[in-house]
Amino acid sequence: MSFLKSIFTKKEAPANHTRTTLNDLFKTMRESVIVVGEDTRIFASNQAAYDDFGRRNGALENKRLTEVIRDLSLHEAFRKALEEEKTSDVELEIVGTDKKYDVRIAPFQFDEKKGAIGIFYDISQIERLENVRQEFLSNISHELRTPLTSILAFVETLEDGAIDDEENNLRFLSVIRRNAERMHHLINDILELSSIESGKITIEPKKSNLSNLTDEVFTNLSAKAAEKQISLVNEISKETSVFADAARLEQMLTNLIDNAVKFNREGGSVKVSHAQSGGNDVISVADTGEGISNEHLQRIFERFYRTDRARSRDIGGTGLGLAIVKHLARLHGGEISVTSTLGKGSVFSIELPKNTA
Ligand code: ADP
């Protein structure tokens with residue numbers, strides 16, 4: 001592990017200050033560094049290399065590279081550096097983990113002896129983000145394609161003569177409108193989410209009356225609730241206030257209560273309540289709907305995740321509502337959680353820190 005101990009105990013060691021500088025440099029590097037000698041045994045390495053490859057193998061020094069990292073193209077690159085003095089870059093994936101490295105392997109001479117150095121740049125996080133980005137793009141395209149296909153089909157039907165079909169033309173137009181509205185809704189949600197995620201949205205938390213806010217959201221959603229004879233129950237005492245950005249809290253409550261109505265049964269109820277827990281305010285939205293099974297529970301806060309994609313779309317969902325709530329709760333320094341019993345209903349809770357100022 002002590003890179004310089006091995007290198008600089010040799011006769012023609014560099015000047016002391018060079019040693020120290022190199023030693024410090026390798027120690028502070030986040031990249032793993034491994035140096036092998038001509039016999040392909042590890043001659044020196046830094047702490048990062050030990051953290052990445054040594055934990056399972058113990059000290060790296062004197063081990064063959066093949067014992068520590070099993071990867072043919074990496075070994076080939078080290079061979080090229082040793083025998084042909086060629087520099088190369090290889091991508092290394094560690095089997096059984098999600099670790100991925102971009103490795104530069106170059107010839108490295110010390111004490112007139114040939115060696116090769118490998119510098120391992122960890123690209124696991126970049127890869128993960130790239131996958132998330134690609135998945136996001138493909139989700140968006142998929143989500144937009146469905147309503148767009150429907151719009152195009154109905155426009156074509158109208159063009160092909162249905163425009164004169166007085167019994168159906170208005171119905172076709174209303175399908176076009178509904179799909180256009182869905183696209184509009186989706187794009188708004190995507191823009192909203194991306195502004196929150198990129199930090200463009202700032203919140204201004206203030207003392208906000210929770211009961212009044214809940215009543216406002218109930219009023220806005222009352223027509224939707226009435227369609228399914230769902231009762232909206234505000235269990236919060238009149239004087240309860242929380243420390244939050246009122247507009248953003250209203251947005252969070254709207255998303256949760258809207259879901260609680262959408263995924264409820266006819267004649268069910270939605271109850272909003274408040275409690276204190278560990279010095280935080282907890283706002284809960286409880287419904288009497290179908291509930292969410294455990295396999296889905298962990299994932300429903302992910303963007304575009306829906307337990308029943310087709311059904312959510314039919315009832316005007318975008319799959320982004322809960323992701324928005326999660327981000328807004330976190331912007332407040334809080335968190336969102338859910339518990340659910342199949343067949344009985346779900347409880348979504350927003351936990352917000354109190355004003356400590
Ligand atoms: P959507 O626009 O589909 O409602 P959300 O992000 O708000 O998107 O919710 C994601 C998914 O989580 C929903 O499609 C649904 O499957 C599930 N879900 C959310 N709230 C509830 C609830 N109260 N009861 C049952 N399932 C729910």
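# Pockets, a cavity and a helix pair

Colleague: Which residues line the largest cavity?
Modeller: In this predicted model, the largest cavity is lined by Glu143, Pro147, Arg182, Leu186, Arg313, Gly317 and Thr318. The elements that give two or more residues to that lining are α6 (124-159) and α7.

Colleague: And what volume does the largest cavity have?
Modeller: The volume of the largest cavity is about 50 Å³, and the count of cavities of 30 Å³ or more comes to one. Sorted by class, its lining has two nonpolar, two polar and three charged residues.

Colleague: What about the second largest pocket, which residues lie nearest its centre?
Modeller: Phe53, Arg56, Val68, Ile94 and Val95 lie nearest the centre of the second largest pocket, out of 17 lining residues, and its volume is about 310 Å³. Both α3 (47-54) and β3 (88-93) supply at least two residues of the lining, with the largest share, three residues, coming from α3. The classes there are seven nonpolar, two polar and eight charged residues.

Colleague: Back to α8 and α9, at what angle do they pack?
Modeller: Helix α8 (residues 210-227) and helix α9 (residues 246-262) pack at an angle of about 40 degrees, and their axes are 9 Å apart. That angle makes α8 oblique to α9, because angles under 35 degrees are the ones that count as roughly parallel, and those from 65 to 115 as roughly perpendicular.

Colleague: Is the crossing left-handed or right-handed, and which residues make the contact?
Modeller: The crossing of α8 past α9 is right-handed. On the α8 side the contact includes Leu210, Leu213, Val217, Phe218 and Leu221, while the α9 side includes Leu249, Leu253, Ile257 and Val261. Charged residues take part as well, among them Glu216 and Lys224 of α8 and Glu250, Asp258 and Lys262 of α9. By class, the contact of these two helices has eleven nonpolar, three polar and five charged residues.

Terms used:
Residues numbered from 1 in each chain as written. Predicted model: local features only at pLDDT ≥ 70, side-chain atom pairs only at ≥ 80, totals over all residues. Heavy atoms only, no water. Axes fitted to C-alpha atoms, helices over the stretch in contact; angles between N-to-C directions. Helix = DSSP H or I, 4+ residues; strand = E, 2+ residues; numbered from the N terminus. Parallel < 35°, antiparallel > 145°, perpendicular 65-115°, else oblique. Left-handed = near helix turned anticlockwise from the far one by under 90°. Contact = heavy atoms within 4.5 Å. 1 Å grid on protein atoms, 1.4 Å probe; cavity = no way out; pocket = protein on both sides within 12 Å on 5 of 7 lines; lining within 4 Å. Points joined across faces, edges and corners; volume = space filled by probe spheres on them.
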